[in-house]
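These are my notebook entries on one protein chain.

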Amino acid sequence: MGASSSEDRLSGLPDDVLHSILVGLPIKCAVRTSAISTRWARLWIHAVAASAVLDFTDRDFVRGQSPAQIAATVARCIAIHGAAPIDVLRVALSPVGALGQDVLEWIAAALGRGAREVRVDLARRGVLHNDDASLLQIPGGMFQVGNSLAVLSLGRCSLRAVPPGAAGLASLTSLSLDRVDVTDDALRDVVSECRLLEFLSLRSCHLLASVRVGGERLRGLEIVGCLAMRDLQVAAPALESFAFHGDILYSRDDYETEPVVFVGKGNSRTTWNADTPELRDAYLSHLGFGEYDPLIHDFAYSCALLKVAHARILTLCSKGLLHIDVERNCLELDVDTPNLEELDSMGDDDVALFASFFELTDPPLLERLFVRLPAACHDTTEDACSGTATDEDEDIVLDEEISLDHLTFINMMSFRGTTHELRLLRFVLRRAPVLEQLVLVTPEEEGTPGDHGQLLRIVQEHVSETRKAPWRDARITVCRPREDDSRSPAHTKYYHDDQAHSS
């Protein structure tokens, strides 16, 4: 059957059948059908308008359309929608340009029809900060009236005109602000009025310096790229997940003031694990933000680590491990990690940093270890990237030996078999008597030294050189990322990757 015949058959279907097909398509696919004929152009708009979810976030939707065409299409969808409820409105436009007023009208229409979720992303890719004049000004009356809104996400918007205690924000369970000119006081006022808030995300909000947030129901807190922030106080006894990616928090004027504070019920401060007893996972990273300064940063990071060390899952960066190493050598301090089951380390292959962490924490229940090695090979020794092992006497010897008696799974990403990587591998293997699976994921790019078979033989030689243990029969896999079907870490989003891709 010819292509034209197939096209005629499809176009010959009744409108209601075509409508049912288009309703289930992503908007980018529905838009493309408009090229078939004017009839299809009419059908896809009606199909989108019939849905309670109006999603205009696909980049293909705006590609090739003028601002006037975009505004006319969205306005027509909302108009055709009539008085029917709108559950969700999602819009992504960059740059917003002359469409600012149109976007505000779309938000108002969605709120007026009972929207529970509104997401407006106007942030320009690759721009961490936008000047205040370029932000979309949300009018003061937008959220003055009570509504059904539960999820609000704003990117590159201004909330300066929105007064404290806005009734339209009172029912929020999730609030995400990206490149929004919210101040410390304004954020505190907004969050304090959102008694149902469960998740708060703050990204690249450059006016935030001394942040005070809390809530009896707050379970998730994400702070990314807020570079002016210098201290943080969280009063959230139900907090389950905490992520911080940014510059190191430290006290500039008063070195006795803690830069990171968690407050328990009734604004009490007891032990750290009592202040956030429900904490399940924590992500602490400074990758991509400035250089380490020993005169300033020596004890800043471990202060933050102490507050989240009782979590079951930790993701830490190499800069954080460096701070731990410095503190271990300066103070007799232990970091108690009684619940730690999964550790994900990013950004370095320095076995000394790993040794410092394990000697300082000695996690008794650790089951899973993920190591994200540097994407580029930094080993400059003669046998770098060749798979040649170092001498046994170069292995790290701990002052107080540890045993990872529950560690059954190890995954090392961007593994090349360099001297440093093999040394790191031996350090862990020597202390993992019940290991069941070792996964070594090589870089994706071409030019990885040696084939997988050769790398596997090198690893097996190093395994055999270590002391005999029950894990000598553990499964060892060498593969590329797309071939890795082993378990994934709990944190699959790495914020420094997002930062690199957007710049």
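I began with burial: in this predicted model, 49% of the 503 residues in the chain are buried. I then looked up the accessible surface, which comes to about 22,700 Å². Carbon and sulfur atoms hold 50% of that surface.

Next I recorded the secondary structure and found 16 helices and 20 strands. I also checked the contacts with a separation of 6 or more, and 70% of them join residues 24 or more positions apart.

I turned to the largest nonpolar core, which has 111 residues. The members that touch the most others are Phe143, Leu177, Phe242 and Phe358. Helix α7, residues 100-112, gives the most to this core, with seven residues.

I followed Leu177 further. Leaving aside residues up to four places away in sequence, I noted that Leu177 touches Leu154, Leu159, Val182, Leu187, Ser201, Leu202, Arg203 and Cys205.

Which phi does arginine 156 have? I found a value near 60°. Arginine 156 lies in the loop between β5 (151-155) and β6 (157-158). Its relative accessibility is 5%, so arginine 156 counts as buried.

Serine 414 is not a glycine either, yet its phi is positive at about 65°. I located serine 414 in the loop between β18 (409-413) and α14 (419-429). Is serine 414 buried or exposed? Serine 414 counts as buried because its relative accessibility is 18%, and the cut-off for buried is under 20%.

Terms used: Residues numbered from 1 in each chain as written. Predicted model: local features only at pLDDT ≥ 70, side-chain atom pairs only at ≥ 80, totals over all residues. Heavy atoms only, no water. Core = buried A, V, L, I, M, F, W, Y, C linked by side-chain atoms within 4.5 Å. Buried < 20%, exposed > 50% of the residue type's maximum accessible area, 1.4 Å probe, protein only. Helix = DSSP H or I, 4+ residues; strand = E, 2+ residues; numbered from the N terminus. Contact = heavy atoms within 4.5 Å. Areas by Shrake-Rupley, 256 points an atom, 1.4 Å probe, with all protein chains shown as cover.
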